[in-house]
Amino acid sequence: MSPSKAKPKPDGRRLRSEASRQRIVEAMRDLVREGKVAPRAEDVAARANVGLRSVFRHFDDMETLYREIAALMRTELSPLLAEQLPPADAPDLLEQLIARRAKLFEKIMPLRLAADVHSHASPFLREDRHWMNESLRAILRASLPAALTKDRTLLDAFDAAMSFEFWRRLREDQGLTVAQARRVVERVVEALAK
């Protein structure tokens, strides 16, 4: 192989820098999942096993860090969001949608709560919340039979009853278990479907 056609060797320093950046994003995500709404840079650096200066060198603003955490979460959640539901009648279909959302909401709850705290100062976090809500609404609209989606008010009611905000209220404010919260959502959705 001629020297001009040889693949360039990867730059070790660049690869280490990318690995450090990824560890910082994962450390931030993990700390938030553990309940730290706004982890300190020192905590992130310690968890990522990098120097404090590395955190600031890689992320000079929080918007960039939020974007990278969101990209990581979208990658994690995309199989769940893309999962096809087996054919079923409306009550079984609604139950499957609720079960899927319960799993999704439990996975994202700490991150969503932290994002909500910071969203007043972050256009990206507001945009990301909108993206998630619209994605879930599109799945709902595509999954339900036309008889349940042709009435816009009914679709809005389903969307609200199966929303993260309602789930958060049941789990955080009312202190319900996952099973109890699912039963509440199922009861509300069942009443709407009649």
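This is a predicted model: local features need pLDDT of at least 70, side-chain atom pairs count only at pLDDT 80 or more; totals for chains, interfaces and linings use all residues.
Visitor: How many helices and strands does the protein chain have?

Guide: Helices (H or I, at least four residues) and strands (E, at least two) are DSSP runs, numbered from the N terminus. Here there are ten helices and zero strands.

Visitor: What is the radius of gyration of the protein chain?

Guide: The radius is taken over C-alpha atoms, and the globule rule is 2.2 Å times the number of residues to the power 0.38. A compact globule of 194 residues would come near 16 Å; the protein chain has 21 Å. Its C-alpha trace spans about 70 × 45 × 30 Å along the principal axes.

Visitor: How much of the protein chain is buried?

Guide: Buried means under 20% relative accessible area, exposed over 50%, partly exposed in between (1.4 Å probe, protein chains only). Buried residues make up 37% of the 194 residues.

Visitor: Which residues touch the most other members of the largest nonpolar core?

Guide: In soluble globular proteins, nonpolar side chains tend to be buried together. A nonpolar core is a set of buried Ala, Val, Leu, Ile, Met, Phe, Trp, Tyr and Cys residues joined through side-chain atoms within 4.5 Å. The largest one has 50 residues; L97, L104, I108, L144, F158 and V189 touch the most other members. Helix 5 gives the largest share of this core, eleven residues. Another core, of five residues, lies apart from it and includes Y66, A70, A115 and L125.

Visitor: What does V189 touch?

Guide: Contact means heavy atoms within 4.5 Å. Not counting residues up to four places away in sequence, V189 touches L94, I98, F158, A161 and M162. Across the protein chain, residues 24 or more positions apart account for 64% of the contacts with a separation of 6 or more.

Visitor: Is D159 buried or exposed?

Guide: At 17% relative accessibility, D159 counts as buried. D159 lies in helix 8. Leaving out residues up to four places away in sequence, D159 touches R101, R137 and L140.

Visitor: How many aromatic pairs are there?

Guide: Rings of Phe, Tyr and Trp (its six-membered ring) pair if their centres lie within 6.5 Å; planes under 30 degrees apart count as stacked, over 60 as edge-to-face and the rest as tilted. The structure holds two such pairs. F105 and F164 are edge-to-face, 5.5 Å centre to centre with 85° between the planes. This pair links distant parts of the chain: F105 in helix 5 (residues 90-118) and F164 in helix 9 (residues 164-173), 59 residues apart. The rings of F105 and W167 have centres 6.5 Å apart and planes at 50°, so that pair is tilted. F105, F164 and W167 form one aromatic cluster.

Visitor: How buried are F105 and W167?

Guide: F105 is buried, with a relative accessible area of 2%. W167 is buried too, at 3%.

Visitor: Where does the charged end of R74 sit?

Guide: A charge sits over a ring if NZ of Lys or CZ of Arg is within 6 Å of the ring centre and within 35 degrees of the ring normal. The charged end of R74 sits over the ring of W131, 3.8 Å from its centre.

Notes: Residues are numbered from 1 along each chain as its sequence is written. Side-chain values use heavy atoms; hydrogens and water are left out.
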